[in-house]
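Here are my notes on the model you passed along. Have a look at it first, then read on.

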Amino acid sequence: MNAILVTVVIVNIILALLFSLGAVPILVWVERRVAGFIQDRLGPNRCNIAGFRLGGLVQSFADMFKLVFKEDFRAGDIKEKFIFRISPVIVFVSAFLSFMVMPFADNLVIGDQTFLMQGLPIDFGILWFLALAGLSVYGIMLGGWSSSNKYSLLGSVRAGAQVISYEASMTLALISLLITYGSVHLVDIVNFQSGLIFGFIPAWGIVMQPLAAIIFITTAFAEANRTPFDIAEGESEIVGGYHTEYSAMKFGLFFVGEYIAMSASSAFIVTLFFGGYNIPWVGTQMLKEHFDIVMIAILIILPILSYKFRGWILKNNVWPKADDKRNNESKWLIRVLIMMNIVIILLFGYFLLFGVASTATNIAVALIQIATFAVKLLLMNFVFVWVRWTLPRFRYDQLQELGWKVLLPLSIANIFITALVVVIGA
Amino acid sequence: MIDTIFLILASFALFGAGCMIMLSNTVHSALGFIVTILALAGLYALLDASFLFMVQIIVYAGAIIALLLFVIMFLNIQQSHAPKEPSKYLFMVVSAIIMMPVDYLLFKAFYTITDIKNFSVTPKDFGDVKMLGGELFRNWLLPFEAISLLLLVALIGAVVMARKKERA
């Protein structure tokens, strides 16, 4: 146990917390604003603290506070109090734990020590994700069952049937990936994807295994209980499904758990199919070797982007009345933006003038990769939201037919094709 | 440290098993079974058998018991449907006594086969995915395929049994 190890472990856990739990308000905000955009309306944009609206982001915090302070009501009919109480916790904890194995950056080298940049430093990430995706359904099933409500029971039975049928295709789609990558360690998988095929296409999973990517993304939607597979809560048919009887923060845990599960699925999809923390065409080694060029590129691009962003704020958030509180927000945001620019320019200028130690380069590369991962994660989450507000819900029989008659045979065929290609290629 | 974890996990496993056979509500029994299975998975993890640990959770906890719970909920079994077992605990004690010689045999076998003095886990990569896969598909390929064939037969059998009889 030394200080560096403890620091890196704590930083990793905080990063995992930020990406999962910390992302929930942002995801709720993205969901509502994108829904508004798709349905040609504005979405929440009024809630503010002293004029600060952040484009409506403050609304998510207000909603969370509302859930915390609401009355926690439980109907007298509910006999299974312990199971009723523990079900949201199961959903929340298993979604949260499944996020803990996502690698945010390549192995960090400080001095002579190497660290895995994951919340939990284990090397069988794929299996871990599958195990916890399977466990999270217990929360939904038990929550619905213990509610002593017909609609809740229907919701939980639907959830159970759905997860059992889609887990088969999901696992089989993963097997063809394992044949391609030859490892269950997520860092190995991401590093495999930093290569190129034919010399110019990044060897991302979606290029190498397009069929597995489609099957996996579909089943990931089902595992995360998102539309078009959200028959477990289908509000137009069975009220609220498994969480009909839940109120206040117990419902809040289900709600937050769903978003964390969505974020974890996105992180997993990004890691398996979209190169994880890799910037396309630029591997870890290349970043480290040409760090000077990277710094110069950032020094040029960052001020231009910031200037554009300032222009965007001034165009959209300037109000004619001088004492309008909303003008304050623009003023402060632009100040923060300028301060950030100055700090980064000073830091990189110092590095460029006086040279960088290898440890500093390693940490800076890790930071760049974490930022890349965050951007990809946000884009994948956006796809989840996009699909939710574009596609209608499947009917129960359609869902089962898709699972058993389309996805399962396709994934088995994919295993055969992959194995053939690997054997013939070798 | 490891001894403490072992004791905690083992007591959880026993507690779950006890719940499973003693409780009258089927869902509660299934939950007891899950506790046992998760505790067993923890014991595998304690032995460095990471693959077995994950597979235990994925296959048993994630799929089989979930299916079991689904069936229980689907059939909506009430307390009143369950058969009456007036002398349940008496049967348990009697069967425990009957099983005593077998237990003795097991203990005896355990103490003769293993060297208790240096009872430690073998190589570091003992339960690793690569190592296990290599063993399975190089040295034990035939038994492995035989088992998969057996499972296939069971699957087809289940489908045949469950199919609706056509009216003659």
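The points below go from the overall build of chain A to its contact with chain B.

1. Ground rules. This is a predicted model, so local features need pLDDT of at least 70 and side-chain atom pairs count only at pLDDT 80 or more, while totals for chains, interfaces and linings use all residues. Residues are numbered from 1 along each chain as its sequence is written, with chains lettered from A and ligands numbered from 1 in the order in which they are written.

2. Overall build. Chain A has 15 helices and four strands, taken as DSSP runs numbered from the N terminus (helices H or I, at least four residues; strands E, at least two). Its C-alpha atoms fill a box of roughly 70 × 70 × 50 Å along the principal axes.

3. Domains. Chain A splits into domain 1 (3-27 + 79-278 + 394-425) and domain 2 (296-354), with bounds from an automatic or database domain assignment. Their C-alpha centres lie 37 Å apart.

4. The hairpin. In chain A, β1 (residues 105-110) and β2 (residues 113-117) run antiparallel and are joined by four bridges; strands pair if DSSP finds at least two. Two residues sit between β1(A) and β2(A), and Gly111(A) in the turn has a positive phi of about 65°. Val109(A) stands opposite Thr114(A).

5. The helix pair. In chain A, α5 (residues 125-146) and α6 (residues 150-181) pack at about 170°, with axes 7 Å apart. Axes are lines fitted to C-alpha atoms over the stretch in contact, and angles run from 0 to 180 degrees between N-to-C directions. The two helices are therefore roughly antiparallel, a label for angles over 145 degrees. Among the residues that meet are Gly134(A) and Val137(A) in α5(A), and Gly155(A) and Ala159(A) in α6(A); contact means C-beta atoms, placed from the backbone, within 7 Å. By class, this contact has 10 nonpolar, eight polar and one charged residues (nonpolar: Ala, Val, Leu, Ile, Met, Phe, Trp, Tyr, Cys, Pro; charged: Asp, Glu, Lys, Arg; polar: the others, Gly among them).

6. The partner chain. Which helix gives the most to the side of chain A that touches chain B? The contact takes 19 residues from chain A and 15 from chain B. The answer is α5(A), with nine residues. By class, the side of chain A has 15 nonpolar, three polar and one charged residues.

How values were computed:
Angles under 35 degrees count as roughly parallel, over 145 as roughly antiparallel, 65 to 115 as roughly perpendicular and the rest as oblique. Two residues are in contact if their C-beta atoms, placed from the backbone, lie within 7 Å.
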